[in-house]
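Have a look along with me.

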Amino acid sequence: MSECIKAYDNVLQLIGSTPLVKLNRILEDIPGNFYAKLECFNPGHSTKDRIALYIIEEAERKGILKPGDTIIETTSGNTGFSLAMVSIIKGYECVLAVTSKSSKDKIDTLKNLGAKVYVCPANVSADDPRSYYQVAKRLHSEIKGSVYINQYFNQLNADAHYNTTGPEIWKQTSGKITHFVACSGTGGTISGTAKYLKEQNPGIKVLGVDAYGSVLKKYHETGEFDDKEIYPYRIEGLGKNLIPSATNFDIIDQFIKVSDEESAHTARELVLKEGLFLGYTSGAAIRGIQEFAKQNHFDANSNVVVILPDHGSRYLSKIFSDDWMEKQGFFDTKRNASNTTKIQFVK
Ligand code: PMP
């Protein structure tokens with residue numbers, strides 16, 4: 001009887017093999033074909049499921065992790081969610097060090113996923129023993145059999161994408177991909193995927209999207225870490241104020257920067273034009289394509305694949321909140337809340 005039941009053994013078997021969907025309207029003014037790799041189809045709703053599973057399984061293969069051991073990381077975002085999810089299924093403790101800037105919603109989410117969350121002061125330097133980096137390091141040295149994921153400085157992060165995202169895209173496009181576009185945070189997604197794709201066809205152009213307020217683009221162009229580039233910005237997961245060793249800068253052909261405001265509006269447009277309710281960096285990635293198009297990167301024969309990293313549900317109180325948009329000063333006479341607000345109260 002049981003042979004007839006078509007079921008996955010557990011939720012982790014749903015990680016990866018995400019769909020590629022043609023974008024039909026949002027980029028219709030730009031020559032070429034544009035395809036979105038929808039990473040929200042992972043069970044943890046983001047691309048970070050891939051690295052969580054891959055890094056943990058590598059540690060198991062090397063005999064570093066045994067059931068009951070501990071996974072440690074510094075994140076309140078997608079990686080924390082994915083690590084906690086994988087830990088549940090595989091029977092690990094998950095310890096996440098976050099800063100007091102993390103929203104209550106995020107901390108509650110991680111807690112509900114069974115993680116132990118250390119909330120560390122945000123306003124201390126990275127080498128202060130109370131900083132979330134130092135707390136994670138200390139816990140790693142104290143807890144025997146623990147693994148510190150350290151995604152910004154872990155080559156396995158890019159390897160996860162080399163082994164999964166890259167081959168999937170090559171297969172899904174039957175090798176016809178001409179351009180690969182991705183946001184860069186740790187750089188794991190763009191570096192690992194691009195390495196695989198360029199091994200298949202060195203002619204594929206790899207285009208990275210960075211944020212205003214981040215050092216990545218300038219470092220790529222000049223080799224200089226310029227702290228004058230650094231200032232606070234809103235988009236989470238894109239860009240960085242340090243140089244992550246998980247990023248292979250040599251494999252990226254060009255970076256472009258996108259703004260908080262344009263990326264937020266583009267994420268909203270993506271919902272209304274394509275029916276894709278996705279996260280802030282998905283808006284940033286599409287905005288990046290629009291900027292690259294101004295530099296004539298694409299023509300009618302281009303087959304462009306863009307990674308859209310996560311789902312919109314994590315941004316309800318941010319880019320999908322009119323109040324938040326208003327507070328950021330993102331509405332003006334051209335683009336105002338009424339474009340998307342269609343609520344009528346029936347009395
Ligand atoms: N988008 C989101 C929402 C993210 O959380 C991240 C990860 N920081 C990225 C994009 C960038 O991916 P990567 O870290 O692989 O460069």
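Is Tyr196 buried or exposed? I looked it up, and Tyr196 is buried, at a relative accessible area of 18%; buried means under 20%, exposed over 50% and partly exposed in between, with a 1.4 Å probe and protein chains only.

A note to myself on the ground rules. The model is predicted, so I take local features only at pLDDT of at least 70 and side-chain atom pairs only at pLDDT 80 or more, while totals for chains, interfaces and linings use all residues. Residues are numbered from 1 along each chain as its sequence is written, and side-chain values use heavy atoms, with hydrogens and water left out.

**Entry: rings**

I searched the whole structure for aromatic pairs and got 8. Rings of Phe, Tyr and Trp (its six-membered ring) pair if their centres lie within 6.5 Å; planes under 30 degrees apart are stacked, over 60 edge-to-face, and the rest tilted. Tyr162 and Tyr196 make an edge-to-face pair, with 5.8 Å from centre to centre and 70° between the planes. This pair links distant parts of the chain, 34 residues apart: I found Tyr162 in helix H5 (residues 155–163) and Tyr196 in helix H7 (residues 188–200). Helices (H or I, at least four residues) and strands (E, at least two) are DSSP runs numbered from the N terminus.

Tyr162 is partly exposed, at 22% relative accessible area. I also noted Lys195 over the face of Tyr162, 4.3 Å from the ring centre. For that, NZ of Lys or CZ of Arg must be within 6 Å of the ring centre and within 35 degrees of the ring normal. Lys240 lies over the face of Tyr152, with 4.3 Å to the ring centre.

Trp324 and Phe330 also pair edge-to-face, at 5.9 Å between centres and 80° between planes. I have both Trp324 and Phe330 down as buried. Tyr219, Phe249 and Phe255 are linked into a cluster by ring pairs.

**Entry: the ligand**

Which residues are closest to the ligand? I counted 15 residues around the ligand, and the closest are Gly185, Thr186, Gly187, Thr189 and Thr281; to be near, a residue needs a heavy atom within 4 Å. This shell divides into 3 nonpolar, 9 polar and 3 charged residues. Here Ala, Val, Leu, Ile, Met, Phe, Trp, Tyr, Cys and Pro count as nonpolar, Asp, Glu, Lys and Arg as charged, and the others, Gly among them, as polar.

Next I checked polar contacts, pairs of N or O atoms within 3.5 Å; within protein, one must be able to donate a hydrogen and the other to accept it, and residues adjacent in sequence count only if both atoms are side-chain atoms. A ligand oxygen is 2.5 Å from a side-chain N or O atom of Thr189. I also found a ligand oxygen 2.8 Å from a polar backbone atom of Gly187. The protein covers 94% of the 390 Å² of accessible area that the ligand has on its own, by the Shrake-Rupley method with a 1.4 Å probe.

**Entry: loops**

Asp128 sits in the loop between strand S5 (116–120) and helix H4 (132–142). At 15% relative accessibility, Asp128 is buried, and the Asp128 side chain reaches the backbone nitrogen of Arg130 at 2.7 Å.

Ser174 is in the loop between helix H6 (165–172) and strand S7 (179–183). I noted a positive phi near 50° for Ser174, which is not a glycine, and Ser174 is exposed at 57%.
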